[in-house]
Amino acid sequence: MSLGKNPKATRLRGGWGREWKKYRELYLLFAIPLIILILFKYIPMYGAQIAFRNYKPTKGVLGSDWVGMKYFIKFFESAYFKTTITNTLVLNLYTLATFPLGVIFALMLKYAPLRRFGKTVQMVSYAPHFISTVVVCGLVTLFMNSRIGMVNKVIELFGGTAANWLGRTGAFKHIYVWSDVWQHLGFNSVIFISALAGVSSELHEAAVVDGASLLQRIFHVDIPGIAPTFIIMLILRVGSLMNIGYEKVLMLQNDLNRGASEIISTYTYKIALQSQVPQYSYAAAIGLFTSLVNLILLFGVNRATKSLSGSSLW
Amino acid sequence: MKKLLALVLVLLMMPAASLALTISGVNEFPIVDEPYELTIMAVVNANVDTWKDNETMKWYEEKTGVKVNWIEIADGGDVANQARLTLISGDTPDIFMWWFADTSMIQTFGSEGSIVALNDYIDQYSYNAKKQLEEDEYLRKMITSTDGNIYTFWRVQYNPNEMIWNKQFLFMPWFEKYSEATGAGIPETLEEYRAMLEYFRDNDMNGNGDNTDEIPLLGNATAAIEGGSSMGYIMNAFQLWNCHDYYHITDEGEIIFEAITPEYRDGLSWINKLYEDGLYSEEDFILTLNDYRAIVNAASPENIVVGLAAAPFYMRAVTQSIYNRAYIDFQAIPPLKNYKDENVRETYMRADGMVYPQTFICSTCEHPEIAVKWLDYWLSEEGLMRTDRFGIEGVDWEWSDKFPGLDGEKPSIEIHSTLSNAGNTTVPACTGVPIYYSHELFLKTANDPDSVNRVLNEYRSHEAYAPYAVKGNIPQVFWCSDEDILAEYSELNTTIGEYVRAGYASFILGNTDIDNDADWQAYLDGLEGIGLSRYLEILPTVLGL
């Protein structure tokens with residue numbers, strides 16, 4: 001075995017075979033997700049080019065006429081551009097603002113005086129996560145009903161007047177976000193609960209010895225301990241800022257709240273897929289645009305957190 | 001004559017005989033003398049769980065001698081697309097069974113030759129289809145594509161139930177109380193209409209001791225494009241109101257867009273005042289169809305809270321299965337007189353009947369004539385009556401001499417109130433099987449004065465409106481070969497529709513002020529912004545005017 005100019009390369013050349021022999025089970029195991037990723041995430045990107053073509057299923061992807069940025073311009077010039085972007089951002093940023101609630105909830109559970117009580121609360125709180133969106137929307141509509149709805153009954157109990165909350169443009173975002181919090185809070189806090197469990201107990205003991213109060217321990221031991229997890233979760237969340245499931249919005253939408261509830265994905269759904277003549281290219285263009293914005297946001301937030309706190313995705 | 005007939009038959013059989021497969025004469029069964037197989041791609045949904053085991057289809061297999069290999073696809077709301085992909089792949093079935101709104105697709109594949117042009121086959125091999133095309137000018141016009149070919153079979157319904165959208169059903173026990181107290185009759189003018197609603201609002205109509213639980217008028221705007229909203233009925237007293245597309249075409253061929261006229265504004269202003277005085281419910285815009293029905297359809301009269309229910313037909317508001325006097329106690333009230341001219345009294349009507357292009361034969365079919373004959377049977381009266389439009393003879397309906405039909409003649413079709421497709425027995429009519437429900441057959445329905453059956457009551461409620469109906473002259477099927485224009489139309493139709501509905505909701509509920517010129521102008525500008533001019537510009541092309 002000669003020593004060349006680049007010892008690393010030589011080691012690789014000689015090493016691949018040995019590595020393969022030694023770790024082939026691991027490589028085979030790794031191949032499965034890799035193939036899935038290529039098959040379902042990378043190969044379909046080939047189809048994204050229909051955003052730049054006037055796609056006709058009869059002509060196929062490559063056979064359809066190239067139209068360049070036509071559909072992007074169409075979306076930017078559309079009367080719905082401003083409304084849908086604003087509504088999407090409002091709903092998303094609002095949801096994002098409730099993100100720390102998961103941490104607070106996890107902390108509260110950790111310090112719940114009775115261990116069994118904490119476990120029960122945790123169980124009860126993440127159960128709604130497994131209810132399907134349709135059912136949740138049905139529940140929300142019933143709760144908000146102006147005649148028999150629970151929300152209005154409570155309001156009347158305190159001397160307020162009942163109203164059709166789902167018909168109020170201003171109320172839509174609150175209904176959307178807080179029903180989301182109700183549904184997913186427990187589940188979203190699971191990861192923080194496990195991160196909290198990983199905080200070294202020696203640090204806590206040291207803090208107790210130093211005479212730190214409960215609040216001081218939370219702020220100076222627990223929160224720094226789970227900050228990396230929190231930041232990574234936050235970055236991932238920001239990366240899908242422009243994406244928002246259309247099902248829930250669509251099901252809570254009506255003629256009265258449309259001004260606040262028409263978001264990019266419901267608009268795309270209606271224009272491109274629900275319509276009699278589906279417009280695949282237009283839908284693809286809008287989809288590609290939102291993905292691009294998401295990507296930029298992801299990079300931006302990643303860089304920001306890296307320089308601010310030192311932890312980041314990569 | 002006999003000789004001529006024989007000659008014709010021989011001539012007809014000659015091409016068939018050369019294929020070593022004898023195909024029966026026109027309208028004769030079995031279709032083939034030796035086993036033949038057809039592949040049919042069909043949709044399974046709530047109406048049919050499987051075609052393979054359908055009792056009627058099994059019976060039909062014996063009748064025709066044609067064995068069907070069913071390829072079943074799910075109705076994911078995207079069947080047209082599956083048809084498109086199937087056609088592109090070239091691996092097509094003999095028959096694709098479904099209805100298609102996208103006529104450009106049919107025409108594109110038709111002109112390419114992937115879909116068989118049926119003109120000659122219908123002419124030569126069919127009995128019912130040929131007869132219907134000859135006798136029914138309207139159908140021929142609707143089903144013929146712009147290149148003159150006929151590519152699909154059809155579903156035609158001349159039953160009047162769905163032709164007039166904006167109806168309102170008055171709860172008669174309340175009306176009788178009102179009439180006794182004030183001496184008023186069924187409202188004919190807007191003022192009388194309003195007076196009745198006020199009475200409903202102010203009095204304890206259902207006698208439960210609470211005079212606040214009454215809802216004078218309730219509709220369901222989530223189904224507004226099918227006539228569910230309360231505002232449609234009222235708007236017809238201001239101008240002709242097509243609640244589905246918001247335009248109509250005058251007999252002179254002029255396209256009138258209804259949601260921008262001064263009359264429309266007057267109408268909204270009037271309805272806004274109804275709302276402000278508690279006569280028009282905000283819930284109209286929020287309730288889902290099921291919630292709406294749950295409110296209207298109480299099980300007993302003292303639980304009824306709605307005086308006037310808006311719906312395109314009975315089933316959308318009330319059903320006998322919950323309130324057994326539903327079809328007696330709720331009665332359709334005729335349209336109101338126009339607010340400017342009391343000699344005008346009108347309501348919008350779509351057309352005389354519905355025509356849906358559906359079900360085509362693919363070019364890979366070896367014997368299109370067998371496919372045509374197989375489909376042709378379902379267009380017959382007998383075929384129709386084997387579908388779930390009627391149900392099972394003897395169970396769901398029967399010919400009887402008890403009552404004359406709506407046309408005054410016996411025997412008539414006595415419909416038992418239940419309709420069952422239990423156990424996958426009958427053929428569902430809305431899944432692509434060609435059917436032709438003529439007006440004559442409809443009028444054979446037994447006119448039992450005491451009957452509370454669904455069909456009769458829908459007919460009677462239609463009759464209350466029919467004398468005032470004005471047709472909008474919009475073709476039921478439009479053949480447009482330009483895919484891009486059709487896509488643009490479809491998009492504008494959706495966005496403009498949503499804008500109009502959100503607009504009137506906002507004006508009626510006073511979120512924007514209809515009497516304020518700035519608000520009204522902003523509404524008009526918004527409409528222009530989403531492309532109203534372009535929409536009106538391409539309409540004639542799309543509609544083939």
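Residues are numbered from 1 along each chain as its sequence is written, while chains are lettered from A in the order in which they are written. Because the model is predicted, local features need pLDDT of at least 70 and side-chain atom pairs count only at pLDDT 80 or more, whereas totals for chains, interfaces and linings use all residues.

View 1. Chain A is divided into domain 1, residues 13-63, and domain 2, residues 69-309, with bounds that come from an automatic or database domain assignment. The centres of these two domains of chain A, taken over C-alpha atoms, are separated by 32 Å. In the contact, 6 residues of domain 1 of chain A meet 6 residues of domain 2 of chain A, where two residues are in contact if their C-beta atoms, placed from the backbone, lie within 7 Å. The side of domain 1 of chain A that touches domain 2 of chain A is made of 4 nonpolar residues, 1 polar and 1 charged; here Ala, Val, Leu, Ile, Met, Phe, Trp, Tyr, Cys and Pro count as nonpolar, Asp, Glu, Lys and Arg as charged, and the others, Gly among them, as polar.

**View 2. The interface between chains A and B.** Here 21 residues of chain A are in contact with 27 residues of chain B. On the side of chain A that touches chain B, the elements giving two or more residues are α13 (258-261) and α14 (264-274) of chain A; helices (H or I, at least four residues) and strands (E, at least two) are DSSP runs, numbered from the N terminus. By class, this side of chain A has 7 nonpolar, 10 polar and 4 charged residues.

**View 3. The largest nonpolar core and a second, separate one.** A nonpolar core is a set of buried Ala, Val, Leu, Ile, Met, Phe, Trp, Tyr and Cys residues joined through C-beta atoms within 7 Å, and a residue is buried if 20 or more other C-beta atoms lie within 10 Å of its own, exposed if 12 or fewer, and partly exposed in between. The largest such core has 192 residues, and those with the most contacts inside it are Leu118(B), Val306(B), Ala309(B) and Ile508(B). Helix α18 of chain B, residues 483-508, provides the largest share of this core, with 11 residues. A second, separate core of 12 residues includes Ala106(A), Leu185(A), Phe230(A) and Ile235(A).

**View 4. The four-stranded sheet of chain B.** This open sheet of 4 strands has the order β6-β9-β5-β10 in chain B, with mixed pairing, two strands being paired if DSSP finds at least two bridges between them. Its edge strands, each pairing on one side only, are β6 (215-218) and β10 (330-332) of chain B, and neighbouring strands are turned by 20° against each other on average, direction ignored. Strand β5(B), residues 167-171, runs antiparallel to β10(B) and is joined to it by 3 bridges, with Leu170(B) opposite Gln331(B). Helix α8 of chain B, residues 172-182, packs on the sheet and touches β5, β9 (306-311) and β10 of chain B, its direction making about 70° with that of β5(B); axes are lines fitted to C-alpha atoms, for helices over the stretch in contact, and angles run from 0 to 180 degrees between N-to-C directions.

**View 5. Strand β9 of chain B and its partners.** In β9(B), 6 of the 6 residues are buried, so the strand is largely enclosed by the rest of the structure. On one pairing, β5(B) and β9(B) are antiparallel over 4 bridges, and Gln168(B) has Ala310(B) as its bridge partner. On another, β6(B) runs parallel to β9(B) with 3 bridges, and Ile215(B) has Val306(B) as its bridge partner.

**View 6. The six-stranded sheet of chain B.** The strand order of this open sheet of 6 strands is β2-β1-β3-β12-β4-β15 in chain B, with mixed pairing, and its edge strands are β2 (66-74) and β15 (435-437) of chain B. The twist averages 25° from one strand to the next. Strand β4(B), residues 153-157, is parallel to β15(B) and joined to it by 3 bridges, with Arg155(B) standing opposite Ile435(B).

**View 7. Helix α4 of chain B.** Helix α4(B), residues 103-112, is mostly covered, with 7 of its 10 residues buried, among them Met105(B), Ile106(B) and Phe109(B). Its buried residues pack against α3 (79-89), β12 and α18 of chain B.
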